[in-house]
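Welcome, and thank you for taking a look at this structure. Please keep the sequence and the model open beside you as you read.

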Amino acid sequence: MLRKSRGSRQITMRLQVQIGLECIVVPCQSSETVNSIAKKSLAKIRRLRPELLFDDAYFEVRRTVGNSLLDPEDQAGDVLRDGDFILIAVHHEETEEAKEARRLEELEHAKKEIEKIELRKRKVSFALEQTGSIFVPKPTKLLVLDGNSLKPSDLVKCERGECLIQLSMDAEVRVRKGRELLEKIASEHRVVYGVTTGFGTFANVFIPPEKVKQLQVNLIRSHSVGYGEPLEPNKARMLLALRINVLAKGHSGISLGNLKKMIAAFNAFCVSYVPQKGTVGCSGDLAPLAHLALGLLGEGKMWSPSTGWQTADVVLKKNNLQPLELGPKEGLALINGTQMVTALGAFALERAHNIARQADVIAALSLDVLKGTTRAYDPDIHRIRAHPGQQLSALRLRSLLHSEANPSQIAESHRNCTKVQDAYTLRCVPQVHGVVHDTIEFVRRIISTEINSATDNPLVFSEREEIISGGNFHGEYPAKALDYLAIAVHELAQMSERRLERLVNKDLSGLPTFLTPDGGFNSGFMIIQVAAASLVSENKVLCHPSSVDSIPTSCNQEDHVSMGGFAARKAITVIEHVEAVLAMELLAACQGIEFLKPLISTAPLHKVYQLVRTVSPPLNADRYMHPEIEAVINLLRENKVWEAVLPHLETLERMEMDDPDALRQSAKTPTGIVNDRSEVDLTSYSDEEEEDIP
């Protein structure tokens, strides 16, 4: 305890006083006793909130920091500092019947809150037996494909049904020129791989002119041997859009007529049945792309909003679409390329980008609830290890957490605690999340290049009047990038689950065990943490790189392959698990706030808390939580947490640009949280005396 060394000097103090669920500011003199301040506070709360009916008597007074019990006879200046938070426990006799009535009232309130949660629109059902009409969002954007400027985010818009597409005029010219050259070469009966020869090991087999067209149909049929559940129609539509974009480059030899038929099918929301498995990612994604083409030929199965899954000829007819009619090389042009791995990779990339930046927000909220220090995010620390992602993550954390410009009552409540540093999952968020951000940008460069690349074989160069066989179909680039993406994004869940453990562990958080009142009777967040741990463990297996494997195929002609299809599929699964774990942490952090009330966090983090409470009320007693976890996962997938804080982030980041010290924490205390308005003269104490401060 601080020794009396101030003499008779009077200091005006302002104390933050919590009585029940209310918090008020009470001015006092340092010479006043704790008892007089308590009585003054009770008189003030009765005047301000007469309906609360507080008694004159109180039970005890405690400092919020450390929960230390205060002696009513001590002078305020000897045991408190300006701006301290204190808790006054008032006498409140409650019968067992009253307690039970209050508990039932809380349960009823929670039930009503859950019922008030807005039911979200059901997603389109893609069940194979679906035959009735299905609602599809009306497209609001026109995407012009030129083969050179498509972005991963554009593909995701196609997946969401937001876009119709058309070719640019330049693309039409290039496609015509490429087709004219190919038809000229075919008419001269030159030996060209896949045009007048067989495929793979049969590359040395010459095909007579009268069989050249049938060769292409045979290719599609023979290669349509994929396995497993089909891509959902929205993802198959994304795959179709990407294949159209690659063909628009004019190096594949597709005819403009067939390309426009593909565009018409896309705009009518008609897509083929494409099994997800069966590609080794070289020579391109042969089996999936063959299935994509097969439906467009009027064979196999297709899906449309008006028909559901039906035979392809029926779906095309009911949507007034014409099947493709293949000429020389057009079958090969449709199936040779990396579009399956790249389309799913673009989808994974955008999901990873969204969850990674929201992970910074969730980590900030957990740190505030766990009463951590923000000093580890000081800009100078990250300036001298200048990885872009690390600096970005640290800037976000500074902008979201306590500062003079963005105060947190929670942070203020422990500003003079003796904590020097936090566990790594709090202290090292910029260093770990940062490399995830940098990895995402690396993968973005790879995927953005790949979606605008000609990746089939052979390639048509109309300006040179040549057709050249090459290896652009090899999927090693996207395969390696997506394995790297899964490994990086997984760390977000690894960090998140450990923070979740800290939140539910009373020895680490100071909060009730498993964040539940009446523990033992209630289990609270016990199994939510278990579920999170299981997902993190699964991810550790899924993060083994698929691209380190290669099995030669096609009689050893294709003697090295990428296994990129699996890299893409498991990257999506890893990201789904990460979203779920972070949703669980977010729910736990918001539940932790319930035990810190009436204190609130910073303005942006309080908005996140309010957002979560629109889909999940406080957990007053055990209830079925699965729907609420799913609802919070949907908030993350729809980017709602990021949207809630973005205006604040932009304002505070601009503020730091104008004043580099705007968000910096002072070093006067280990936590970096100080009240510059304090009138306490710290220089009047010796080192020995300061060590006695509670």
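## A walk through the model

Let us begin with a pair of helices: helix 6 (residues 212-223) and helix 9 (residues 286-296) have axes that come within 8 Å and cross at roughly 120°. Keep in mind throughout that this is a predicted model. The crossing of helix 6 with helix 9 is left-handed. On the helix 6 side, Ile-220, Arg-221 and His-223 make the contact, and they meet Leu-286, Ala-287, Ala-290, Ala-293 and Leu-294 of helix 9.

Now step back for a moment to take in the whole chain. The protein chain has 694 residues, of which 53% count as buried. Its secondary structure consists of 25 helices and 13 strands. If you take the contacts between residues at least 6 apart in sequence, 75% of them join residues at least 24 apart.

Helix 4 (residues 152-159) and helix 7 (residues 233-247) cross at roughly 135°, with axes that come within 8 Å. An angle of that kind makes helix 4 oblique to helix 7. Here the crossing is right-handed. Helix 4 brings Leu-155, Val-156, Cys-158 and Glu-159 to the contact, while helix 7 brings Asn-234, Lys-235, Arg-237, Met-238, Ala-241 and Leu-242. The residues of this contact divide into six nonpolar, one polar and three charged.

Next, turn to the strands. In general, strands of a sheet pair through backbone hydrogen bonds, and the pairing is either parallel or antiparallel.

Strand 5 (residues 141-145) and strand 6 run parallel, with five bridges between them. Leu-143 stands opposite Ile-165 of strand 6. In a regular strand, side chains alternate between the two faces of the sheet. You can follow the two faces in strand 6 (residues 163-167): Cys-163, Ile-165 and Leu-167 form the covered face, and Leu-164 and Gln-166 form the uncovered one.

Our next stop is a loop, the one between helix 20 (526-542) and helix 21 (564-594), where Ser-546 is found. Is Ser-546 buried or exposed? Ser-546 is buried, because its relative accessible area is 6%, and the cut-off for buried is under 20%. Leaving aside neighbours within four places in sequence, Ser-546 is in contact with Asp-483, Ser-562, Met-563, Phe-566, Ala-567 and Lys-570. The C-alpha atom of Ser-546 is separated by 7.2 Å from that of Gly-564, a residue 18 places apart along the chain.

Met-563, one of those contacts of Ser-546, lies in this loop between helix 20 and helix 21 as well. Its phi is near 55°, a positive value in a residue other than glycine. Met-563 is buried, with a relative accessible area of 15%. Ser-554 is also placed in the loop between helix 20 and helix 21. Although Ser-554 is not a glycine, it has a positive phi of about 55°. Ser-554 counts as partly exposed, at 28% relative accessibility.

Finally, look for two cis peptide bonds. The bond from Asn-457 to Pro-458 is cis, with omega near -5°, and Pro-458 sits in the loop between helix 17 (429-450) and strand 12 (459-461). A cis peptide bond also joins Lys-597 and Pro-598, with omega about 15°. Pro-598 lies in the loop between helix 21 and helix 22 (603-613).

Conventions: Residues numbered from 1 in each chain as written. Predicted model: local features only at pLDDT ≥ 70, side-chain atom pairs only at ≥ 80, totals over all residues. Heavy atoms only, no water. Axes fitted to C-alpha atoms, helices over the stretch in contact; angles between N-to-C directions. Helix = DSSP H or I, 4+ residues; strand = E, 2+ residues; numbered from the N terminus. Parallel < 35°, antiparallel > 145°, perpendicular 65-115°, else oblique. Left-handed = near helix turned anticlockwise from the far one by under 90°. Contact = heavy atoms within 4.5 Å. Nonpolar A, V, L, I, M, F, W, Y, C, P; charged D, E, K, R; others polar. Buried < 20%, exposed > 50% of the residue type's maximum accessible area, 1.4 Å probe, protein only. Pairing = 2+ DSSP bridges.
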